[in-house]
Amino acid sequence: MPTLSQLMVPLPVKSGPDDLNVGAELTGKLDKEEVVKWLAKFYQRREIKAAATENGIDNYIYHQTYLSFRKFCLEIDKLPVDLHVTFSDIIAGACHLDSLLPYFVRHAKQVFPHLECLDDLKKISDLRLPANWYPEARALTRKIIFHSGPTNSGKTFHALERFFNSKSGVYCGPLKLLASEVYYKSNQRGVPCDLVTGEERNFASVNKTPSSHVSCTVEMVSVNTPYEVAVIDEIQMLKDPSRGWAWTRALLGVAAEEVHVCGEAAAIDVVKEIIMSASEEVELRRYKRLTELMIEESSLGTLEKIRPGDCLVCFNKQDIFWSTRQIEAMGIECAVIYGSLPPGTKLAQAKKFNDPDHPCKVLVATDAIGMGLNLNIGRVIFNSLIKPTVNEKGEKEMDTITTSQALQIAGRAGRYGTQFSTGYVTTMKNEDLPTLKRLLSQHPEPITQVGLHPTAEQIELYAYHLPHANLSNLIDIFVNLSTVDDSLYFICNIDDFKFLADMIQHVPLPLRARYVFCCAPINRKIPFVCSMFLKFARQYSRNEVLSFDWLGRQIGLPFACPNTLLDLVHLESVFDVLDLYLWLSYRFQDLFPDASLVRDMQKELDCLIQAGVAQLTRLLINSETKVSSGTSQAVEAEENRPVLFTKKTLYSHDRNAIASGNPLSSHGRIADRLLSEGLLTPKMLEELKKEWQFQKDCEKESFEASNGIVDKSNPAKHSKNDPLNTRRFNRKRRT
C-alpha cells in the first residue's frame with residue numbers, strides 16, 4: 001500500500017490578484033539567483049526538516065513542497081508582501097534563514113490541504129464501532145436467533161415459517177433467484193409480499209401500495225423500516241471479500257424485533273462477537289442434514305459412466321462446454337447452468353432437469369448451483385477441485401476449493417422429499433478423490449473477520465475536506481486512514497469500485513451520482529458492458545434521457561437466435577447491459593424512464609439465450625463453420641479487444657481456409673477469438689476438426705453413391721456392411 005502522502009496529489013499554488021507589487025516598492029526587486037541559493041540552504045537544514053516533521057510534513061511532502069515553493073518564488077512576479085520582505089531581509093543579512101519556515105508550512109498546507117484537516121479525516125474513517133451507525137436498531141431490544149446447519153438441513157425452512165407467520169417481515173437473500181423464490185412462496189401462501197432487488201421492485205398489491213412483508217437481496221434491505229421478523233440467509237457470506245459488508249450491515253442494522261440468521265456453523269462465533277458489540281445476545285438452534293450423503297469409493301473416470309440424476313460440477317466455462325459436448329455426443333441430453341446465464345435461463349434449465357417426464361437427466365454446472373436453485377440431484381461429480389479465486393489484494397489465483405465450498409456443493413446431492421433419499425459425491429479424476437474425502441471430513445474454518453465498506457455519506461465528507469481529489473483517490477485515502485478493529489473487521493475489496501471510478505473520471509458528474517454509478521454491479525471483464533456503462537454515464541452527465549429507442553440502437557435491436565457460441569456470449573453480455581439499465585433506473589428514474597419496456601425486452605432475450613443453451617453442441621460446431629446469425633451490430637464493440645494476432649494474419653488464415661474448402665484446416669477468425677478468450681480449448685478444436693472432416697467425407701460418399709460413382713482403389717470404403725463406418729455415421733446423425 002502506498003503511504004498517505006503518496007496518495008495525495010500536490011495542488012498548484014497561484015499568487016493573489018493584487019495589481020501592485022507592494023513588496024518590490026518597499027524593498028526593491030529580488031535577485032532570483034540569490035533566492036535560489038538561500039532556498040537550497042533552507043531545504044538542507046536539519047533543524048528545518050525536524051520542525052517540518054512536527055507540523056506533520058514527512059519526507060515526501062517536504063520534498064514536494066520544496067519543489068512547489070521554489071517554483072512559486074521564482075515564477076511569481078508579485079510575491080506576497082510578507083514573503084517578499086522576508087526574502088529581502090535574508091539576502092541582506094538582516095534576519096535568519098529559519099524565518100522562512102512559517103511561509104514554507106503555509107505553502108505546504110496549500111499544496112497538501114489534508115494537513116489542515118487530518119484529524120477530521122481520521123474521525124470520519126474511524127470504523128471501530130459499526131454498531132453505532134444504526135440508531136434505529138440500537139433503540140430496539142432485538143432477539144437474534146442463529147439457525148445453524150449444513151445444506152439440506154431445513155434451517156432456512158424453519159426461519160421462513162416464522163417470517164410467513166409474522167405481522168411484518170423482511171427476507172434478505174444473497175441472490176435474486178432466492179429473493180424471487182421467497183416472494184412467490186409468500187404470495188402463494190396468502191401473505192402479501194413485495195420483491196425488491198437492485199434492478200426492480202414488484203408489488204403484491206395491484207394498486208402498488210407497499211406490503212408488510214418484503215423479500216429482497218441483502219444489499220437492498222432497509223435499515224430504517226421497522227419489522228417484526230427479519231431473515232438473513234447464508235450468513236457465512238459475512239466473510240466475502242467483495243460483498244461481505246452487506247451482511248454486516250444487515251446483521252447490525254436491520255430494525256426487527258426478531259432477527260433469524262441462517263448459515264454454516266463456522267459463522268457462529270463471529271456473529272456472537274458482532275452481536276455482543278451491540279449489547280445483544282444470540283440464541284443458537286442447530287440442525288442436522290435430512291438426507292444421508294455418501295462419498296463413493298471410486299472416481300467416475302469417464303463420462304460414459306454418467307447416469308440419470310448426476311450433476312457434473314466444473315469451475316470454468318471451457319470445461320462446461322467441453323463436457324456438454326462429450327455427453328451429448330453419447331446421445332444423452334443434459335441441462336447447463338453457469339454464473340453468467342440470466343436467472344430465467346437458470347430456472348428453465350433447473351426445471352428441465354427436475355422434471356421426471358423430461359428426457360434431460362444430467363446436469364453440467366458451475367458452483368452456481370451452490371445456492372439459489374432447488375435441484376433434484378442424486379450424485380455430484382467434481383470435474384476438478386481447482387477453482388480460480390480472487391485474494392484480498394484483488395489478484396486472481398488458482399487454488400483448491402475450500403472446505404466450505406466443497407460442503408456447499410456436495411450437499412446438493414440427495415434432496416429431501418425427492419427420489420434421491422441418499423446423496424452421493426465423487427470426482428472425475430482418481431487423484432482428486434482423496435482430497436475430496438479430506439475436505440468433506442473437515443469442518444469449515446471458523447470465520448474471524450467480516451467485511452465493511454465506506455458509505456456515500458463518509459465519502460461526501462471526505463470530498464468536502466478534499467474538494468480537488470477524484471473519487472478513486474478519495475477511496476484510497478479513506479482506506480489508508482481508516483481505523484478498523486482488525487480482530488473482527490476488514491475493509492472489503494474496492495478494486496471494482498475504483499475501476500469504474502477511473503473509467504468515468506473524465507465524465508462531469510455530481511459526487512453522489514458518481515458514487516452510485518461506481519456501485520453498479522457489472523462484470524468489468526466484459527468490454528461491451530464496460531463501454532455501455534461509459535455511454536450511460538455520458539448520457540446522464542448531459543442530462544439526456546436514455547430512452548428505449550436510444551438503448552435499442554446501442555445494443556442492436558432486433559435480436560436473433562444465436563447460431564454460434566460467440567453469438568450466445570454476446571447475448572449474455574447484452575442481458576448484463578439491460579440489467580445495468582434497470583439497476584440505474586431504480587436510482588435515476590427521470591433519465592432512465594423505460595424500465596418496464598426494458599424488462600419486457602429482457603424476457604425476450606432470456607428466451608433466446610435459453611434456446612441457445614439448449615443447442616450448445618450445434619453452436620460449438622457453427623462457431624467453426626462460421627454460420628453466424630449476426631446477432632447485433634453492437635458485436636463490433638467486442639472486436640476492439642486486444643488479440644494475439646494482426647489483421648493481416650487473420651486475412652491470411654481465412655483465405656487459406658477458404659482455399660482448402662475446410663474452415664477448420666487453419667484456425668478461423670472466430671476459433672482464434674474463442675481460444676484467446678478461453679471459451680474453446682485446443683483439444684476441443686481438434687475434435688471439431690475431425691468431426692468436420694468426417695462430415696465432409698460422409699457427404700462425399702453420399703454424393704458418390706447417389707451418382708453411382710465407386711472408388712475402385714478402396715471398394716471397402718463404401719461397404720454398407722462396414723460396422724465401424726455404420727457406427728460412426730449413426731453417432732454423427734445423433735449429434
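These legends go with several close-up views of a predicted model. Local features need pLDDT of at least 70 and side-chain atom pairs count only at pLDDT 80 or more, while totals for chains, interfaces and linings use all residues. Residues are numbered from 1 along each chain as its sequence is written, and side-chain values use heavy atoms, with hydrogens and water left out.

View 1. Let us start with β1, residues 143-148; strands here are DSSP E runs of at least two residues and helices are H or I runs of at least four, numbered from the N terminus. Five of the six residues of β1 are buried, meaning under 20% relative accessible area with a 1.4 Å probe, protein chains only. Two strands count as paired if DSSP finds at least two bridges between them. Six bridges link β1 in parallel to β7 (residues 256-263), and here S148 faces G263.

**View 2. An open sheet of six strands.** Follow the order β9-β16-β13-β10-β12-β11, with parallel pairing. At the edges sit β9 (292-295) and β11 (334-337), each pairing on one side only. Neighbouring strands are turned by 20° on average, direction ignored; axes are lines fitted to C-alpha atoms, for helices over the stretch in contact, and angles run from 0 to 180 degrees between N-to-C directions. Four bridges connect β9 with β16 (residues 422-427), and E292 lies opposite T422. Helix α15 (residues 343-354) packs on this sheet, touching β10, β11 and β12, and its direction makes about 150° with that of β11. Contact means heavy atoms within 4.5 Å.

**View 3. Helix α22 from end to end.** The 15 residues of α22 (527-541) reach 21 Å from first C-alpha to last, close to the 21 Å expected at 1.5 Å a residue; that expected span is 1.5 Å times one less than the number of residues. Its buried residues include F528, M532, F536 and Y540. Just past the helix, look for N543, which takes a positive phi of about 60°.

**View 4. Two nonpolar cores.** A nonpolar core is a set of buried Ala, Val, Leu, Ile, Met, Phe, Trp, Tyr and Cys residues joined through side-chain atoms within 4.5 Å. The largest has 165 residues, and F536 and L551 are among those with the most contacts inside it. Helix α24 (residues 565-585) gives the largest share, twelve residues. Beyond its neighbours within four places in sequence, L551 touches residues including M532, F536 and Y581. A second, separate core of 27 residues includes I337 and L439.

How values were computed:
Buried means under 20% relative accessible area, exposed over 50%, partly exposed in between (1.4 Å probe, protein chains only).
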